Amino acid sequence: MRMTDIHRCEIRPGRLVEWTLSPRTLDIAAALPEDARPPAYIQESHIRTARSVREDGLFVPTWLGAAFDIPGPVDLDVLQEALRAWTLRHETLRSGFRWGGESGDDMRRFTLDADSVSLHREDVGDFPDATGLARHLQDRFDRVADALRWPNLIYTAVVRDDGVSVYMAFDHSNVDAYSIYRIPAEVHELYAAGVAGRTVPRPRVGSYVDFCEAERADADRIDGSHDIVARWREFIRRCDGRLPSFPVELGVEPGGTLPEQRMLREPLVDAADAAAFEAYCRPYGGSLVGVLAATALIVHEIGGEPVYRTVVPFHTRSRSQWSESVGWYVGGAPIEVPVARAHDFPSALRTVRAELQANRRLSRMPIDRVLRLLGTDFRPTSPDLYSIVSYVDARDVPGAGHWPDQSAYALLRVSYGDQVCAWVTRLPEGLWFASRYPDTDVAHKNLRLYVERLRDVITGVARSRPATATANRPHDHVV
């Protein structure tokens, strides 16, 4: 699935229908007792940051979504039941938080039983103009899929004679990119079974709510003397006491208001160049290592920083029970690449590989727990703690081969932020690049230059030797 925003995902006019959790479900939720399972550290940080930024007077939507087509004519009753059945698979989608405790500042979980969940369908009306429809969907998703309300998910369908386009949005606290990637195939399977009068056995999918409890219990066992905390302390010290930003000029005023962001998204290279690049990089650890090594060299060219410091996202789906689960299974590992001593691409590859081998285990410890133990005041003023460059090979996600025919997209909300978040995705058709970054002239110039140079490095490496082997296909680095 290509990453994009709601305005660039082939929206066509039609009749809009939407589903939200029913009033009956909301009434049941309001009376639920506390669920003792705590939020994940990443969930708590996300929601508290949203509240902090809101209190500073800025509304920053942070939802993720999925878009895909189902050929028609489509039975909306069957589609509704497919959406409900999919929702019931994933406990986090029927679990939310309230503020409570003596201080009124504790996050207390509540969780609905599956039998209590039903959807309410509303026929919104006809939208003859695609631009107006996209604007309406974004505004609606902003209001509903909001970190500070519950429920914070919404499903919609644009109905036409030849089928429907499904658009779904979720606050980030419940989903990561891999969760989004799995949606089209799972909903298609449930819908096809419903049309045929078959039932799909409910798979044994691990609960992200259970994962939150287990991960937090493990994180709470460490204290400030742990070596992971010491490693982060030194890394942050070498970043001048902050978590790392993208080391090129972005035209952002330090301490100023949070700037609007814009999106850059486009194909990087085709399937042949992507395979050859992977083959070249495989002895060093694969395309992730290659993308980071190329980035280190390029940002040194653009910005002149002698050391490239970044936090590399890794998934935390360490057990098979989490592999099909919807949730935010992401951690980060710090790396430092002394580019001034890495005079060519192979030496940069070796340095990145060594850094990842040494530091990847740090991604299993939530950074928000580490920051608490460091005792530093990291009161977030931005929804992004740091800049990222992420890589994921999505070709083995179920249904990936059908994504082009289904007009399937992973949706990002581009709103406000002072960081650069970039995603490089391996798809059957090649490598796809997407980024959101501060909307300034200098940031646009430097991000444009970064992408062009990244393409140059990848094609230069790819065409320097033939690709002789099939690439491995992990989904290690999804965010």
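**Notebook: sheets, cavity and backbone**

I began with strand S7 (residues 153-160) and strand S8 (residues 163-171), which pair in the antiparallel sense over eight bridges; strands are DSSP runs of E with at least two residues and helices are runs of H or I with at least four, both numbered from the N terminus, and two strands pair if DSSP finds at least two bridges between them. The model is a predicted one, so local features need pLDDT of at least 70 and side-chain atom pairs count only at pLDDT 80 or more, while totals for chains, interfaces and linings use all residues. Residues are numbered from 1 along each chain as its sequence is written, and side-chain values use heavy atoms, with hydrogens and water left out.

Contact here means heavy atoms within 4.5 Å, and angles run from 0 to 180 degrees between N-to-C directions of axes, which are lines fitted to C-alpha atoms, for helices over the stretch in contact. Helix H5 (residues 177-196) also packs on the sheet, where it touches S1, S3, S8 and strand S13 (409-412), and its direction makes about 30° with that of S3.

Next I traced the whole sheet, which is open, has seven strands in the order S1-S13-S3-S8-S7-S2-S6, and shows mixed pairing. Its edge strands, each pairing on one side only, are strand S1 (2-4) and strand S6 (119-127), and the twist averages 20° from one strand to the next.

I looked up a second open sheet, with four strands in the order S9-S15-S14-S12 and mixed pairing. Here S14 and strand S15 (residues 430-438) run antiparallel and are joined by seven bridges, with Val-424 standing opposite Phe-433 in S15. Helix H8 (residues 271-281) lies across S9, S14 and S15, at about 85° to S9.

A cavity is a set of points, on a 1 Å grid over the protein atoms alone, where a 1.4 Å probe fits but cannot get out, and lining residues have an atom within 4 Å of a point. The largest cavity holds about 830 Å³ of space, and among its 46 lining residues Ile-42, His-172, Trp-328, Pro-383 and Asp-384 lie nearest its centre. I noted that H2 gives the most to this lining, with six residues.

I checked the salt bridges, meaning a side-chain nitrogen of Lys or Arg within 4 Å of a carboxyl oxygen of Asp or Glu, and the structure holds 43 of them. In one, the side chains of Arg-54 and Asp-146 meet at 2.9 Å, N to O. Arg-54 lies in helix H2 and Asp-146 in the loop between H4 and S7, so the pair ties together parts that are 92 residues apart in sequence.

Last, I looked at the backbone. The peptide bond from Trp-150 to Pro-151 is cis, with omega near 0°, and Pro-151 lies in that loop between H4 and S7. The bond from Gly-72 to Pro-73 is cis as well, with omega near 0°. Asp-240, although not a glycine, has a positive phi of about 60°.

Note on methods: On a 1 Å grid over the protein atoms alone, a cavity is a set of points where a 1.4 Å probe fits but cannot get out, and a pocket is an open set with protein on both sides within 12 Å along at least five of seven lines; lining residues have an atom within 4 Å of a point. Grid points are joined across faces, edges and corners, and a volume is the space filled by probe spheres set on the points.
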